[in-house]
Amino acid sequence: MWRLVPPKLGRLSRSLKLAALGSLLVLMVLHSPSLLASWQRNELTDRRFLQLNKCPACFGTSWCRRFLNGQVVFEAWGRLRLLDFLNVKNVYFAQYGEPREGGRRRVVLKRLGSQRELAQLDQSICKRATGRPRCDLLQAMPREFARLNGDVRLLTPEAVEGWDLVHCPSQRLLDRLVRRYAETKDSGSFLLRNLKDSERMQLLLTLAFNPEPLVLQIFPSDEGWPFAKYLGACGRMVAVNYVGEELWSYFNAPWEKRVDLAWQLMEIAEQLTNNDFEFALYLLDVSFDNFAVGPRDGKVIIVDAENVLVADKRLIRQNKPENWDVWYESKFDDCDKEACLSFSKEILCARATVDHNYYAVCQNLLSRHATWRGTSGGLLHDPPSEIAKDGRLEALLDECANPKKRYGRFQAAKELREYLAQLSNNVR
């Protein structure tokens, strides 16, 4: 299975952007009255804009009071609906303030999909429930998830078969998911039947459509996991904390800073692969845009967790599928696209020892094989002359991305973490 990101198109891309900007200026002139109204109005208090009317075919309601009370407001250009056609990913920046706290803090709002993907979601629900592409979602949702009604005690592996996050489900993982579900007032129980009908349908819809909010809840930042903090949802708008500038903005940072960031990225790969909870979290989409860096602490955090596959190592060791104890080496592919990875979900689900995360970070972020936005050389490009002359860093990066020895990536990743720690004075 390939994960491909199309390359930028250079001059053509710039020409198209200029044309789009020109068209935008014309539209702004033609729509100046509505433009002013859009700027002055806080649409985050509008139930229809939040798509609260689509619940329970939504992502939750825990933050609705904050949205509807006007505690969340768009930043600057985010207020202009005219610009939405440029915002394909439906990601917005906003300010949030609690009356008791005073002041505001930056948050990120996500619809978890493009307008087209959300429309397709509605159509698929309606077609399965009624046979028609349009329907009343409030009536269609109970039919969509009828097999998991209020009488079902647990969320079981059979019920979620084929969904990405739980592609290799275990009862332990699913119990953790239900117990930590934040869009219910009575969280803490692993019993699915303890959720209200609407809460249960919202959980299942999120799991099937885009499980990112659930990843942030199951593996919260408060417990040391390297993900953005989940705040809440209202309708089809999810709020997470703002971390900082994306990793890409540090591509040409001073060498010492880039070494520290590279060390953190390798530590993240290690933590997600080997941890005390015996859950392996495999990153299936790794690019410079999916990580951000805190402006104060300089900490690297994953800010796009849509494409994460969780394997239960404890279950693998218990069930012992074929070749479960054979170390799995991901296959390097020098493709002509940006941020591509080669992987097999079935193998990731069935092996106890896998080098996928090391491979993804080394190939797509750190080594000379990493390409992004027309650049090459990776985050550790152009090292100081003494390090380049020594050759150890380049050799470790090459072996981590494209190993020449059997099981070479495992050893190279270990040595690379240690070497980067020495270079950045992060020795523990």
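**Sheets, helices and disulfides**

Let me start with β7 and strand β9 (residues 291–293), which run antiparallel and are joined by 2 bridges; two strands are said to pair if DSSP finds at least two bridges between them, and strands (E, at least two residues) and helices (H or I, at least four) are DSSP runs numbered from the N terminus. This is a predicted model, in which local features need pLDDT of at least 70 and side-chain atom pairs count only at pLDDT 80 or more, while totals for chains, interfaces and linings use all residues. Residues are numbered from 1 along each chain as its sequence is written, and side-chain values use heavy atoms, with hydrogens and water left out.

Glutamate 245 has valine 293 of β9 as its bridge partner. The two strands belong to an open sheet of 3 strands, ordered β7-β9-β10 with antiparallel pairing, and its edge strands, β7 (245–246) and β10 (300–302), each pair on one side only.

Across β9 and β10 lies α9, running at about 45 degrees to β10; here axes are lines fitted to C-alpha atoms, for helices over the stretch in contact, and angles run from 0 to 180 degrees between N-to-C directions. Helix α9 (residues 255–273) also packs with helix α12 (residues 356–366), at an angle of about 155 degrees and with the axes 9 Å apart. That makes α9 roughly antiparallel to α12, a label used for angles over 145 degrees. In the contact (heavy atoms within 4.5 Å), α9 contributes Ala262, Leu265, Met266, Ala269, Glu270, Leu272 and Thr273, and α12 contributes Asn357, Tyr358, Val361, Cys362, Leu365 and Leu366.

Turning to the other sheet, 5 strands form an open, antiparallel arrangement in the order β2-β3-β4-β6-β5. β2 (72–74) and β5 (230–234) stand at the edges with a single partner strand each, so one side of each is left without a neighbour in the sheet. From one strand to the next, the twist averages 35 degrees. β2 pairs with strand β3 (residues 91–96) in the antiparallel sense over 3 bridges, and the bridge partner of phenylalanine 74 in β3 is alanine 94.

Finally, how many disulfides does a search of the whole structure find? There are 5, counting pairs of cysteine sulfur atoms within 2.5 Å.

Technical notes:
Parallel < 35°, antiparallel > 145°, perpendicular 65-115°, else oblique.
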